[in-house]
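Take a look at the picture first, then read on.

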Amino acid sequence: MIRPITLLALLCSCVAREGCAQSGAPDARLAPGVPHVLATERAAHLRDVRYALTLDVTRPDTAIGTVVVRFAQRSARDVILDFRGLRVLRIDANGATVSPDDPAVWNHAHLRIPARHTRAGTNAITIDFAAPIAAAGASIIRSRDVADGQHYLYTLLVPSDANLLFPCFDQPDLKARVSLTIAAPRHWSVLANGSALRVDSSANGVSHHFAETRPISTYLIAFAAGPYATVSRAQVIAPGAPPTDVRMLVRASRLKEAESDSLIRMNADALRWLGNWFGVPYPFGKYDFLLAPVFPFGGMEHPGAVFYNEQSFIFRERPTISQTLGRQATIFHEVAHQWFGDYVTMRWFDDLWLKEGFATYMAAKMQAAASPGSNAWKTFFLRNKPVAYGTDATAGTTPVWQSLDNLEQAKSNYGPIVYNKAPGVLRQLDYLVGERAFQAGVRAFLAEHAYGNATWRDLLRAIGKSSGRDLTTWGAAWILRPGMPIVEQEVATANGRITRLVLTQRPAQPALSGGSAWPMRTQVLLWYPDAPPVRIPVELSAKRTVVTAATGRRAPAFIFANDGDYGYAIVLPDDASVRWIEMNIGTVKDDLLRAMLWGALWDLVREARLSPSRYAAAALRELPLERDEQIAAALTARIGVAVSRYGSGIARDSLQPALERVLLAGANDTTLAYGQRKSQLDALIGSAQAPASLARLDAWLDGDAAAGLPLRAPTRWAIVTRLVANRYPTASTRLAAEAVRDSSSEGLRQAFVAGAAAPDSATKRAYFARWFDDPSLNEEWVTSSLRAFHDPDHAALTNALMLPSLDTLPWIQKNRRIFFLGAWLNAAIGGQSSDTALQQIDAWLASHPTLAADLRRKVLQSRDELERTVHIRKAFAGSLQ
């Protein structure tokens with residue numbers, strides 16, 4: 001006999017019935033977003049999904065579409081699709097009409113097709129609908145080019161905006177074959193995932209038909225439409241395969257500036273190299289890419305239709321090595337996604353790292369192999385480790401695998417943990433098991449899950465099998481455990497010999513991470529100025545590890561416990577090593593090691609164990625002698641933080657003139673590489689405060705050179721922005737003149753950014769309101785203006801908007817793109833440096849106990865830098881040492 005409570009529970013489960021809608025109990029599956037409970041249920045019962053999607057994009061603000069959703073299911077049951085577009089016009093389920101006006105059918109988040117209209121086996125549901133086209137807040141982004149007055153469209157559906165475009169099962173583990181038809185104006189080009197089949201003409205325009213794709217996740221569906229210029233080149237994209245056309249689409253007004261041949265070649269080279277390394281030729285047939293205007297991040301890996309950020313791919317002035325390497329790394333990253341992310345996709349966005357971490361790591365491996373002289377692992381360290389450590393050491397950090405109850409919160413999972421920590425953890429894994437075993441495991445993983453979905457456990461199982469290691473403990477520590485270790489060196493010597501070397505581990509956040517040690521394989525370096533270095537592989541498995549192989553060796557000039565950057569830890573050198581490094585770092589010729597040593601000194605500053613003044617003095621001494629462009633750029637940035645943010649009043653006043661002198665000399669030094677000079681010129685512009693310094697900037701605008709370097713639009717706008725931020729007498733006229741001089745779409749964006757720098761409360765309030773109220777304002781413009789708006793020198797003005805910025809977080813999470821939330825918080829909180837602001841944030845957090853946990857963690861991540869700033873200033877108040 002079934003007890004009443006059990007019967008009621010069964011009746012209300014609604015797994016295969018319609019009755020629950022009448023019970024009054026809320027159906028968790030129909031909550032906004034894509035609940036995990038809904039996704040799990042659908043993945044268990046649905047298969048063989050296909051979308052035949054037709055869209056008419058000839059209207060300026062609305063796309064009218066029809067989708068035929070075909071799928072198979074095990075039994076007749078309610079079928080729930082996701083859709084939050086503008087309107088549902090018609091629904092046909094297996095020949096039966098379903099009214100979209102019934103709130104039990106469409107609640108503006110999901111479409112519920114009653115079980116009586118579905119059947120076991122194959123089903124077909126046809127839905128007519130309308131979706132928005134807009135500059136922001138839509139799945140179809142519209143951009144207007146002032147050069148030709150034309151509009152350009154492209155989609156961006158990651159992580160869960162496919163359901164804003166069309167009714168679908170918007171979850172990564174219900175992959176579908178997609179056929180797309182786009183009706184567009186006659187003179188437009190159209191790009192999509194599939195190969196172009198044919199173009200049909202009609203009275204209103206033309207319809208572009210595309211071949212059905214291989215199985216892909218909904219967030220990877222993409223198209224672009226507009227009067228784009230097209231460049232096509234025959235390329236070999238798979239080892240041993242014949243050449244095939246690779247196309248690049250770009251706005252017509254930017255075609256001459258785009259390095260089309262180089263960009264096409266880099267994409268093709270990456271496809272070949274990665275196909276060979278993975279043991280799987282490029283798995284999606286044709287390959288095209290778009291340079292997307294006002295794109296909100298670096299790139300997006302849609303199979304067959306990769307989108308790149310036009311602004312970072314077309315240089316308006318001579319690029320630095322860092323910029324060109326960054327562009328190359330973005331290409332390699334997005335191409336690597338064709339295997340990790342597209343070919344094999346994470347089952348749910350809790351495993352986001354599985355695609356993002358791997359793409360970043362594989363981009364570095366390819367860069368190292370393709371350009372041995374580029375010192376790719378130094379680039380990897382500088383681009384990833386400081387950012388990862390800066391987040392992972394905070395009270396808001398998360399595990400690499402991040403629990404996720406609803407795709408609505410997936411945007412919070414994007415950030416340094418998956419993009420910067422995860423590749424560092426993979427480097428540790430590669431070093432632990434060995435390169436051959438790592439590659440063999442990855443190949444087996446791809447083969448087993450081809451065109452399917454997998455989890456991190458599947459990956460570790462494959463690598464563990466290939467290496468003969470049980471990686472269970474390793475995975476629990478590095479994938480499931482939040483936080484990171486801090487490793488300190490304890491050294492004892494006698495008579496010029498090491499008597500004891502101990503590496504101690506402690507968690508950066510004990511309350512989050514617990515007290516146990518992380519298992520880690522690293523390499524300890526004993527460095528001698530008069531002899532070859534000694535490298536000792538060490539496996540750490542306890543809180544204290546004695547490096548027995550160091551005992552009895554000659555005492556070195558310094559010791560460093562993460563040589564080669566194989567480990568993942570903040571390494572704090574012993575006092576003797578710090579003293580030597582501080583005074584002699586310029587004699588270390590190994591670029592990666594030198595970069596890491598500078599990083600270790602900086603970590604000591606952030607731990608308030610080395611004064612920012614000491615760091616700045618050493619860096620100012622070495623900067624004119626540094627010949628590595630990337631290290632010099634990192635040093636320049638850190639000096640600025642040490643002086644202007646961490647420095648006490650006395651230290652700032654003492655070091656600021658010296659900083660400007662060194663930067664000006666570096667910018668003028670013709671013996672330095674262009675990139676080094678340019679990074680110092682940029683830093684000089686960004687730090688100028690004294691009247692004479694601002695006057696110098698102002699005078700440069702009258703010519704075409706600055707410190708002997710060509711003065712082009714991006715740098716000119718940086719000068720104008722700095723003059724505006726400091727309320728320089730000529731600022732208004734300079735801003736107006738530069739807007740006339742540079743009337744391009746990019747010039748309009750830069751003028752908007754410069755205006756945000758104005759140091760008056762009325763302007764700040766007006767910008768803040770427009771960010772939320774102006775639907776024509778592209779999101780990328782907002783992102784670009786945040787730093788100028790929250791200029792640290794304007795903290796007294798922007799403090800009044802800091803708490804309102806926090807109040808907007810739920811809206812931002814719902815309406816902005818994946819990286820916007822972090823940028824918003826880093827700017828709003830990063831623009832503050834006072835203990836008062838820190839107390840305000842803590843009071844706000846205390847007064848919002850029901851704030852979503854993911855949003856609370858994001859606030860805590862950004863808060864950490866403010867807390868460190870306050871702590872460092874107090875620790876070294878009044879000190880010049």
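Leaving aside neighbours within four places in sequence, Trp-188 is in contact (heavy atoms within 4.5 Å) with Val-57, Gln-150, His-151, Leu-153, His-208, Ala-225, Gly-226 and Pro-227. Before going further, a word on where this comes from: the model is predicted, local features need pLDDT of at least 70, side-chain atom pairs count only at pLDDT 80 or more, and totals for chains, interfaces and linings use all residues. Residues are numbered from 1 along each chain as its sequence is written, and side-chain values use heavy atoms, with hydrogens and water left out.

Back to Trp-188, which sits in the loop between strand 10 (176-184) and strand 11 (189-192). Helices (H or I, at least four residues) and strands (E, at least two) are DSSP runs, numbered from the N terminus. Is Trp-188 buried or exposed? Trp-188 is buried, at a relative accessible area of 11%; buried means under 20% relative accessible area, exposed over 50%, and partly exposed in between (1.4 Å probe, protein chains only).

The side chain of Trp-188 also makes a polar contact with the side chain of His-187, at 3.4 Å. A polar contact is a pair of N or O atoms within 3.5 Å; within protein, one must be able to donate a hydrogen and the other to accept it, and residues adjacent in sequence count only if both atoms are side-chain atoms. Gly-205 is 17 residues from Trp-188 along the chain, and their C-alpha atoms are separated by 9.3 Å.

## Two sheets

Next up are some strands. Two strands pair if DSSP finds at least two bridges between them. Strands of a sheet pair through backbone hydrogen bonds, either parallel or antiparallel.

Strand 24 (residues 520-528) is mostly covered, with 8 of its 9 residues buried. Strand 24 and strand 25 form a hairpin with 2 residues between them. Here is how some strands pair up:

| Strands | Direction | Bridges |
|---|---|---|
| Strand 24 and strand 25 (residues 531-540) | antiparallel | 8 bridges |
| Strand 24 and strand 27 (residues 558-560) | antiparallel | 3 bridges |
| Strand 23 (residues 497-507) and strand 26 | antiparallel | 3 bridges |

Who faces whom? Tyr-528 has Ala-531 of strand 25 as its bridge partner, and Met-520 stands opposite Leu-540 in strand 25. Over in strand 27, Phe-560 is opposite Leu-525.

There is also an open sheet of 4 strands in the order 26-23-22-28, and its pairing is mixed. Its edge strands are strand 26 (544-546) and strand 28 (570-572), each pairing on one side only. In strand 26, Val-546 stands opposite Val-502.

## Helices that meet

Now for the helices. How do helix 15 (residues 575-584) and helix 17 (residues 612-622) pack? They meet at an angle of about 40°, with their axes 9 Å apart. Helix 15 and helix 17 are therefore oblique to each other. Angles under 35 degrees count as roughly parallel, over 145 as roughly antiparallel, 65 to 115 as roughly perpendicular and the rest as oblique. Val-578, Glu-582, Met-583 and Asn-584 of helix 15 make the contact with Arg-614, Ala-618 and Arg-621 of helix 17.

The axes of helix 18 (residues 629-646) and helix 31 (residues 853-875) come within 10 Å and cross at roughly 70°, so this pair is roughly perpendicular. From helix 18, Ser-644, Arg-645 and Tyr-646 take part in the contact, and from helix 31, Glu-865, Leu-866, Thr-869, Ile-872 and Arg-873.

## A covered helix

Among the buried residues are Trp-781, Val-782, Leu-786 and Phe-789. At the start of helix 26, a side-chain oxygen of Asn-778 reaches to within 2.8 Å of the backbone nitrogen of Glu-780.

Note on methods:
Axes fitted to C-alpha atoms, helices over the stretch in contact; angles between N-to-C directions.
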